[in-house]
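Open the model in your viewer and keep the sequence panel beside it. The stops below say what to select next and what is there.

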Amino acid sequence: MAYRYYSSQTLPEVPATVTLSGDEAHHLIHVMRVKAGQGIVLFDGSGAEFDGLISAVRKKEMDVELSTRREVSRENERRLTLAVALPKGDRQKWLVEKITELGVTEFLPLDAEFSVAKAGAAAAERLGRVVIEASKQCGRNTLLRIAEPISTQKLWTMPAEGTLRLLSHPGGVSLGEALSQNAEAPVLAAVGPEGGFSEKECALALANGWQAVSLGRRILRTETAAIAIAAMLSSWPGNLPNVGR
């Protein structure tokens, strides 16, 4: 079995030998117990993956001989940016893990009127590690981008020409109907906190050209709503994933 390993350093042209260190190398050396002579697949977030052979293993680092570079995209054909008010605690990790698996392009922590959690530097670092682990598992070679936190007022008025802007809100059109209006446009979808968006926030969004969409008859948790939108986009024609491989 060839392990997938994320390299925080940009990998060179092949053939080449690289030395890997840090948390990922520590995990492979001391948890996975890799040995010299084993195969490994590396990716650095650039969209490519590299076949390599472990040539030396030391206490804190390992050498890998890179032999092949492949451009392998497992991204959705339709770009999705999710702006989501962060839920509390471990549900943040679960949210980011699943939207990474579903191919979301960019994640914007959203500062809404009824937000229950704030996005700080510590949260961004923690969620960045989740993105890497999820990308290793699901085979993505391009990392989900976690952007700086953004307020609803700034998001509503942000230029987004050619983008389908969707506001998760009860009473709107169905998500499928909204997506079908423009089957190829990139999507920017906003999901509010547990208390939803305030009336003022909704009015400002609609006044700036956002479209309200409903996710069904039931009221979903923040992270469930975000994942439902991502799942719909990932199953759009041309985006169908391989399940359970």
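Start by colouring the chain by pLDDT, the predictor's confidence in each residue, from 0 to 100. The chain averages a pLDDT of 91, and 96% of the residues score at least 70. This is a predicted model, in which local features need pLDDT of at least 70 and side-chain atom pairs count only at pLDDT 80 or more, while totals for chains, interfaces and linings use all residues. Residues are numbered from 1 along each chain as its sequence is written, and side-chain values use heavy atoms, with hydrogens and water left out.

Next, select residues 240-245, where pLDDT stays under 50. For this stretch the model has five contacts (heavy atoms within 4.5 Å) beyond four places in sequence.

Now select helix α2, residues 91-101. Helices (H or I, at least four residues) and strands (E, at least two) are DSSP runs, numbered from the N terminus. Which residues of α2 are buried? They are Gln92, Leu95, Val96, Ile99 and Thr100, where buried means under 20% relative accessible area, exposed over 50% and partly exposed in between (1.4 Å probe, protein chains only). Look down the axis of α2: its buried residues fall within an arc of 125°, so they line one face of the helix. The arc is that of the directions from the helix axis to the C-beta atoms. Among the elements covering these residues are β6 (80-84), β7 (106-111), α3 (121-138) and α7. Just after α2, Gly103 takes a positive phi of about 85°.

Axes are lines fitted to C-alpha atoms, for helices over the stretch in contact, and angles run from 0 to 180 degrees between N-to-C directions. The two helices, α2 and α7, are therefore roughly parallel to each other; angles under 35 degrees count as roughly parallel. On the α2 side, the contact is made by Arg91, Trp94, Leu95, Lys98 and Ile99; on the α7 side, by Glu223, Ala226, Ile227 and Ala230.

Zoom in on Glu223 in helix α7. Is Glu223 buried or exposed? Glu223 is buried, with a relative accessible area of 3%. Leaving out residues up to four places away in sequence, Glu223 touches Pro87, Arg91, Trp94, Leu95 and Glu194.

Finish at Asn182, in the loop between α5 (175-181) and β11 (187-191). Asn182 is partly exposed, with a relative accessible area of 38%.

Notes: Angles under 35 degrees count as roughly parallel, over 145 as roughly antiparallel, 65 to 115 as roughly perpendicular and the rest as oblique.
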